[in-house]
Amino acid sequence: MKNRFRKLFRGMRRTPLVLLVVISAALFVALMIPGIGKIYDISDWNPVEEPLLLTGMERIHDGVWPWQVYAEETGHDGSGEAGEADGADAAVADVDGSSGLDGRSGAVNGSSGAGASGAATEDGNGVDAAGAVDGIGEDEQAEVSGSDGSSGAGGQGDDAAGSSDGGASGAAGSAATEDGDAAAAALQKAKESNPTYIHADHMPAEVNDKVVEAKDYGLADKHYLSPDDTVYNTDTEGTFAQNGDYYLFTDVDDSYLADALIIGDSRTEGLHGFTSMQKSTYFASKEGLSVYNFWDKEVNYYEPGKDAAKKSMDEVLAGRTFGKIYISLGINELGIGTTKKYYDNYREILAKIREAQPDAVIFIEGMMHVSEKLSSTSNVFSNTIVVQRNTAVATLANGHDIFYIDMNSVLCDADGNLQADMTGDGIHLYASEYEKWHAFLLTRGIQTTSGAANNGAADGSAAVGGTAGDGVTEDSAAQG
Amino acid sequence: MVVFSGLGFIFRFLPVFLVLYYVTPAEYRNAILFLGSMVFYAVGEPHFVVLLLFLTVADWLIGRLIGKRGRAGTVWLFLAILLNGGVLIGCKIASLTVDATLLPLGLSFYIFKMLSYEADLYRGVIPRSPAFIDAAAYFTMFPQVTEGPIMRYSDGFTDRVGGELMPGHASHAHRPRHAVPADVVGHSDIVGHGRRVHADGIEDGLICFIIGLSMKVLLADRIEYLWNALSTIGYASISTPLAWMGAYAYTFRLYFDFWGYSMMAAGVGMMLGFPFVRNFAHPYASPNITSFYRDWHVTLGAWFRDYLYIPLGGSRGGTGRTIFNLFLVWLVTGLWHGGTLNYVIWGLVLFVLIVWEKFVVRGLLRRFPFLGHLHVFLLIPLTWVIFAIPDMTQLRIYFSRLFPFLVHASAAGMENGDFVKYAKLTWPLFIASAVLCIPAVSEWFWKHRKHPAMLVLLLALFWMSVYVSANSGSNAFMYFSY
């Protein structure tokens with residue numbers, strides 16, 4: 001026996017690399033164990049086929065290292081919720097935020113809730129776009145920082161931000177009411193002389209594009225769908241609410257796009273790379289961009305005719321004021337989360353964009369379908385999933401400053417599949433076909449009457465503002 | 001799990017299997033190898049594992065009949081050829097005409113191992129009929145069942161007939177020249193001499209595995225991005241420089257993917273005690289196309305030479321006969337790779353090039369060796385383009401982009417400088433690929449593989465590959481990022 005061990009030991013000295021690999025793998029797994037259930041979601045783990053290491057490596061890809069669980073524990077236990085938020089990348093923001101940045105993220109979240117409601121009660125009609133947006137879009141994050149009541153620092157931050165916010169929007173609000181009446185009358189007149197303007201109790205069907213349907217091959221993985229009776233947007237107040245003022249699409253030319261920002265994934269990269277649009281408009285696009293990594297990923301920011309600059313989406317949106325913002329996302333996350341999860345994240349993104357760019361007309365571009373070859377063989381790249389998701393996000397359009405447009409009407413065959421001769425991989429257009437997308441965008445212009453489509457002071461501020469403020473108060477009450 | 005670069009293989013199947021294999025006494029190791037291989041194959045092909053099992057039994061039975069009679073067993077050899085060839089051709093045709101899933105995983109590889117087994121019994125290269133478990137372990141062994149290399153039975157199996165160590169049957173006949181330099185294995189005495197598990201073999205096996213893994217994951221899979229981008233853009237819209245970049249990207253992708261895979265397979269084999277099976281011997285350093293194919297996928301080329309070209313008479317039957325034999329070999333080689341027209345064209349183009357080298361410009365190449373290298377550098381990538389694109393229309397478009405001046409095609413893509421964009425993205429991969437094509441580099445690397453700095457580098461390569469693999473290959477829909 002002793003001899004066998006000696007032999008084994010002598011053998012091991014001749015296999016240093018084997019030892020190093022075994023030891024480092026064991027160490028890595030040991031490091032991961034405390035994070036199970038916290039930073040590692042193993043609820044649908046298959047131990048026979050997937051080594052635990054796989055989860056660990058995937059999380060590193062999301063920016064989460066095994067030892068971050070310790071930073072987590074010393075902070076607060078919001079991590080439990082982070083783990084449950086299943087959409088792989090969706091959890092990242094929470095985890096990141098809660099580790100070490102407590103004070104800061106707490107303060108930011110707090111200020112949006114408390115500050116905005118302060119403004120609303122003081123003033124009654126002082127719409128603070130920021131307040132409204134945060135209250136609606138960020139309930140998940142607010143919940144995390146709210147429930148743990150983590151630190152005095154966070155609380156203080158709340159107060160400070162709250163009072164200054166309230167002051168500022170209070171002042172703006174009352175300024176608005178003083179000359180509001182005259183301006184509103186003039187504006188109403190201007191609107192009525194705009195041929196694409198409609199005033200109606202309900203949104204007329206032709207205001208947005210219809211979601212283009214596609215043949216269902218019955219292959220779509222149920223994990224990525226939501227039940228058909230899922231309820232999406234029914235807002236009567238706030239960013240996504242209708243307000244009786246609607247605009248119809250109209251043909252435009254490239255000058256219309258001079259102050260537009262086109263946001264999207266690699267498909268949009270193609271639109272930039274292979275059309276003349278690169279000379280006339282702004283792009284913020286990146287291969288792999290999804291609703292889950294939207295704020296974390298560095299994107300290529302192209303000013304007209306210039307080379308790419310690497311920026312975060314926050315930086316892009318803070319950089320300049322855009323008149324129109326087009327968003328095309330969805331293909332990368334077809335195999336992540338459900339339609340509802342996709343919708344929730346999409347909605348949050350729109351809300352934050354609205355906060356950063358209060359005057360922009362937002363275009364939700366329905367996801368371009370995939371080819372028949374793909375849709376009829378893949379359970380992920382399936383037009384069934386694409387159409388369900390397009391249908392969900394289309395409900396976010398309000399017809400006056402957020403619109404749904406669907407390019408599939410000009411790119412698909414009778415079965416709603418992307419035409420086979422337009423694509424090599426079933427997902428991207430051939431370079432020569434991208435101009436069709438460009439041409440489509442030029443048929444979907446929105447000519448608002450100055451300031452009307454936006455939250456500008458004159459936009460019926462009393463009515464809309466007041467209710468938005470209330471909405472926020474309700475939201476924060478529900479969370480507390 | 002059936003993909004060597006997948007984490008399920010690296011951290012589940014392989015370690016569990018190795019431990020079982022090592023604790024099993026030597027005389028039962030082939031049984032463990034056979035059982036483990038069946039599990040491995042069944043995970044990848046839950047249905048066709050039955051076919052593999054059937055062929056294993058059938059080939060062993062026929063092999064016994066051939067083994068008893070030797071050269072007198074010609075009838076049985078024909079039966080073996082009929083059975084194996086029939087299954088291979090049948091499945092290939094079915095996969096082309098009915099459904100692509102009708103081609104079982106690794107069929108082309110294990111059928112060729114079975115055929116070589118029967119032929120070697122017939123020729124007496126395998127001295128006597130092996131026991132079922134030995135033959136079964138050889139046919140199905142998991143490191144080779146999916147993608148080769150097409151190892152011979154005499155490499156690691158002939159030593160343990162009846163559980164005794166026999167003097168190895170050194171069948172160097174099928175080895176190409178400079179196939180296995182002593183320093184590449186470290187133990188030249190073991191090459192071709194059966195099997196022995198020992199510490200150095202395990203360590204070197206792991207080194208081979210890691211080198212192969214990183215070549216596949218860090219180089220091949222990434223440079224493939226460029227090739228895929230071209231079909232996404234559409235060949236009609238790419239500039240000529242980009243088309244050439246694409247041809248080289250595919251050339252490198254194919255090389256490092258296959259070489260990497262072969263290294264992983266050979267590495268696992270070494271950990272099990274088998275000799276190193278060399279499948280690539282620096283083909284891109286070859287002085288002409290003929291020797292390129294001696295050094296490229298060595299075990300396949302050797303198979304065709306030993307079991308087709310030489311039985312047909314090789315080059316001994318005069319010029320006409322030699323050319324006909326070459327034609328037949330390259331036609332079959334093309335068909336073996338796939339049944340579509342582009343593979344046939346690919347094989348025939350190589351046939352023409354090899355005949356051209358052998359019979360037309362032979363003297364010229366001897367006088368100016370760089371011309372032969374030029375053949376390899378310029379013509380081989382073009383043949384790979386034919387290999388890569390099954391659709392004839394697309395293939396024609398691609399060649400019109402490569403040679404626009406021949407067909408007066410437009411200068412698409414030039415104005416937006418597409419090639420500059422992709423060159424910026426991929427130049428480090430091209431440099432690394434080119435450097436690794438130099439034989440001296442990998443020989444230097446192998447010589448210093450035990451150096452502590454090299455240990456650290458290998459460990460780093462291993463974890464980088466695992467990281468990249470975890471975030472791409474194992475997760476089919478995350479593989480490409482749109």
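**Strands, helices and their labels**

Author: The model is predicted. Strand β7 (residues 324-328) of chain A is largely enclosed by the rest of the structure, because five of its five residues are buried.

Reader: What makes a residue of β7(A) count as buried?

Author: A residue is buried if 20 or more other C-beta atoms lie within 10 Å of its own. A:Lys324, A:Tyr326 and A:Ser328 point one way from β7(A), A:Ile325 and A:Ile327 point the other way, and all are buried. In a regular strand the side chains alternate between the two faces of the sheet.

Reader: Which strands pair with β7(A), and in which sense, parallel or antiparallel?

Author: Strand β3 (residues 260-264) of chain A is joined to β7(A) by five bridges, and the two run parallel. Two strands pair if there are at least two bridges between them, so five are enough. In this pairing A:Ala260 stands opposite A:Lys324, and A:Ile262 has A:Tyr326 as its bridge partner. Strand β8 (residues 361-365) of chain A also pairs with β7(A) in the parallel sense, over four bridges. There A:Tyr326 stands opposite A:Phe363. From β7(A) the chain crosses to β8(A) through helix α15 (residues 339-356) of chain A, in a right-handed β-α-β crossover.

Reader: Why are β6 and β9 of chain A said to stand at the edges of the sheet?

Author: The open sheet has seven strands in the order β6-β5-β4-β3-β7-β8-β9 (chain A), with mixed pairing. β6 (308-311) and β9 (402-405) of chain A each have a single partner strand, so one side of each is left without a neighbour in the sheet. From one strand to the next, the twist averages 20 degrees.

Reader: What is the secondary structure of chain B?

Author: Chain B has 21 helices and zero strands. Of its 482 residues, 46% are buried. Among contacts in chain B with a separation of 6 or more, 72% are between residues 24 or more positions apart.

Reader: Which residues meet where α12(B) and α13(B) are in contact?

Author: B:Phe304, B:Leu308 and B:Tyr309 in α12(B) meet B:Asn325, B:Val329, B:Val332 and B:Thr333 in α13(B).

Notes:
Residues are numbered from 1 along each chain as its sequence is written. Chains are lettered from A and ligands numbered from 1 in the order in which they are written. This is a predicted model: local features need pLDDT of at least 70, side-chain atom pairs count only at pLDDT 80 or more; totals for chains, interfaces and linings use all residues. A residue is buried if 20 or more other C-beta atoms lie within 10 Å of its own, exposed if 12 or fewer, and partly exposed in between; C-beta atoms are placed from the backbone. A crossover is right-handed if, with the strands pointing away from the viewer, the path from the first strand over the helix to the second runs clockwise. Two residues are in contact if their C-beta atoms, placed from the backbone, lie within 7 Å. Axes are lines fitted to C-alpha atoms, for helices over the stretch in contact, and angles run from 0 to 180 degrees between N-to-C directions.
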